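I opened this entry to keep a record of what I looked up, item by item.

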Amino acid sequence: MKFFSALNFKTISTLLACVSIAQAAGDKEAIADPNSAVVKLTSSTFSKFLDENPLVLAEFFAPWCGHCKALGPEFAQAADELESKDIKLAQIDCTEEEELCQEYGIRGYPTLKVFKGRDVLDYEGTRKSDGIVSYMIKQSLPPVSLIDDFEELLTYIEDQPVPVIVETGVKLNETFYQLSDANRDDFVFVQTKSAELKKKYGEDKILIFSKEFEEPLIYSDEDESYETLQQWVKAESLPYFGELDGSTYQKYSTANIPLAYLFYTSEEEREAWKDTVVELAKESRGKINFVGIDSTKFGRHAENLNMQQEFPLFVIHDVVTNKKYGFPQKEVLNQKEVAAFVKRYSVGEIDPIVKTEEIPEIQENFVYKIVGKTHNDIINDEEKDVLVKYYAPWCGHCKRLAPVYEELAELYASSKEGKSKIRIANVDATLNDVEVDIAGYPTLILYPAGDKSNPIVHKGGRDLQSLVNFIKESGSFELDGNALEDDVESIDEVEEPVTDDDSIKESKENTHDEL
Ligand SMILES: *[C@@H]1O[C@H](CO)[C@@H](O)[C@H](O)[C@H]1NC(C)=O
């Protein structure tokens with residue numbers, strides 16, 4: 001289930017990125033210093049520039065954008081450092097070059113893209129000058145270095161700021177190149193024929209050298225497929241007790257295993273927890289990643305994890321199911337108890353913290369209000385087609401849909417057949433955890449009666465008639481809202497609608513008109 005994660009990750013990484021950017025922006029300029037090596041490109045100079053320069057990092061930006069302002073000076077500094085290496089940095093002002101920016105599908109500022117001749121790649125490094133420099137240098141190097149001399153190899157490994165993955169031989173050449181291509185941002189790859197290294201660790205082995213470990217890790221699985229190796233590389237090359245911030249979030253969120261957070265309040269506190277966490281991380285290697293997160297900068301992130309902003313705290317987020325397992329905040333956070341908590345989590349003994357509103361005592365509207373606690377029961381009502389609107393209170397499309405949706409609910413509620421065969425419901429997805437893929441708000445999903453494992457996502461128009469048609473086409477009862485008998489005697493039955501009599505009358509008349 002890829003579900004839910006998409007939206008969550010976007011919000012979370014934006015949140016993590018924002019804090020540092022907001023701190024950094026100050027009174028900086030988005031347009032790079034004209035004395036720097038940054039080249040300003042326009043639609044008339046763009047193509048020629050790419051033809052003449054084999055490796056270009058292009059920033060598509062708008063002068064007013066805050067993130068662009070924070071990036072400006074960093075970008076200029078990186079451009080100066082990279083100039084001698086024949087790597088060019090360019091800026092395109094999207095307020096002046098609308099067409100060009102459209103051509104490259106630019107939807108947010110700044111967007112950074114790497115151009116290698118005609119190949120275009122998304123830039124995935126940090127927005128600091130040193131990060132840009134190391135990222136671009138890596139882009140300019142062959143993905144796999146060949147170093148056969150033992151001493152030279154050791155020095156090379158020592159010099160790398162990131163873990164180094166070494167193949168002692170070329171047996172898995174194709175897979176190894178594939179790995180290097182997919183992971184070139186995070187690691188350095190080397191093939192060697194060094195006899196000393198082969199003697200020490202074996203021939204045709206894949207090793208990870210990392211500053212984290214004294215001895216390199218050796219891949220030992222018989223399965224030498226790309227997928228398995230890739231999983232191993234991802235899991236093993238993360239530090240035991242890493243740090244979560246805007247620059248590392250991506251790596252952890254794509255590792256596809258649960259992430260355990262220690263929100264710490266000071267460096268001393270983090271240090272005091274280190275041994276415990278490292279030990280837990282070693283035991284859970286490949287099953288849970290562990291990170292520290294600075295609560296003074298990223299405290300708000302606790303709420304995404306269904307925790308109160310009371311620190312320090314410990315919480316495990318299963319990124320695949322999006323369930324959150326928090327160490328009870330009523331209790332004092334204690335290392336021994338946390339260790340026990342992790343063990344119990346590993347054997348499935350901890351219940352997730354489900355974010356939910358209280359179950360409403362009365363349903364105030366025709367639209368049935370679902371909360372986190374009731375969601376699964378309601379959608380799985382086998383007797384009924386259930387249409388659910390997942391919304392966020394701040395979302396404009398949701399606000400526009402709300403009255404139409406209420407009208408829709410009212411339409412079915414005014415007939416016995418409608419009432420018994422379909423439920424029109426909604427849930428505020430920002431206040432309630434639901435196990436559903438919500439790629440955007442509002443999302444409308446119909447759960448057909450008798451066929452609950454095949455929910456249908458509404459993709460059409462959001463006007464009343466389109467929704468009526470959707471229910472007719474997708475529901476198990478093929479219920480035609482336009483043809484329903486208006487046979488509910490008294491509107492008292494429908495629990496105090498917040499609409500006035502006039503609009504009810506009007507809607508009934510409408511129904512008749514269409515008969
Ligand atoms: C390994 O694969 C790469 C990329 O396909 C190729 O350039 C290189 O020559 C290969 N090396 C060997 C020893 O086959």
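I began with N306, which I found in the loop between α13 (301-304) and β14; helices (H or I, at least four residues) and strands (E, at least two) are DSSP runs, numbered from the N terminus. The model is a predicted one, in which local features need pLDDT of at least 70 and side-chain atom pairs count only at pLDDT 80 or more, while totals for chains, interfaces and linings use all residues. Residues are numbered from 1 along each chain as its sequence is written, and side-chain values use heavy atoms, with hydrogens and water left out.

I noted that phi of N306 is near 65 degrees, a positive value in a residue other than glycine. Is N306 buried or exposed? With 12% relative accessibility it counts as buried, where buried means under 20% relative accessible area, exposed over 50%, and partly exposed in between (1.4 Å probe, protein chains only). I then turned to E478, in the loop between α18 (464-474) and α19 (501-514), which also has a positive phi, of about 45 degrees, without being a glycine. E478 is exposed, its relative accessible area being 58%.

**Backbone, cis bonds.** I found a cis peptide bond from Y109 to P110, with omega near -10 degrees, and placed P110 in the loop between α4 (98-103) and β4 (111-116). Another cis peptide bond joins Y441 and P442, with omega about -10 degrees; P442 lies in the loop between β18 (422-428) and β19 (443-447). I flagged these entries because most residues other than glycine have a negative phi, and most peptide bonds are trans.

**Overall figures.** I counted 19 helices and 20 strands in the protein, and of its 515 residues 48% are buried. Among contacts (heavy atoms within 4.5 Å) with a separation of 6 or more, 72% are between residues 24 or more positions apart.

**Core.** Which residues have the most contacts inside the largest nonpolar core? They are I165, I206, W232, F290, F314, I316 and V342, in a core of 37 residues; such a core is a set of buried Ala, Val, Leu, Ile, Met, Phe, Trp, Tyr and Cys residues joined through side-chain atoms within 4.5 Å. Elements that each supply at least two of its residues include α7 (173-182), β9 (206-209), β14 (313-318) and α14 (335-346). Domain 2 (144-233) and domain 3 (241-346) both contribute residues, so the core lies between them; the bounds come from an automatic or database domain assignment. For I316, leaving aside neighbours within four places in sequence, I listed contacts that include P258, L259, F341, V342 and Y345.

**Ligand.** I found V170, N173 and Y177 around the ligand, each with a heavy atom within 4 Å of it. One oxygen atom of the ligand is 2.4 Å from an N or O atom in the side chain of N173. The protein covers 35% of the 360 Å² of accessible area that the ligand has on its own, by the Shrake-Rupley method with a 1.4 Å probe.

**Loop at E357.** Lastly I looked up E357, in the loop between α14 and β16 (368-369). Its side chain is joined to that of K369 by a polar contact of 3.1 Å, a term for a pair of N or O atoms within 3.5 Å, of which, within protein, one must be able to donate a hydrogen and the other to accept it, and residues adjacent in sequence count only if both atoms are side-chain atoms. E357 and D433 are 76 residues apart in sequence and 9.5 Å apart in space, C-alpha to C-alpha.
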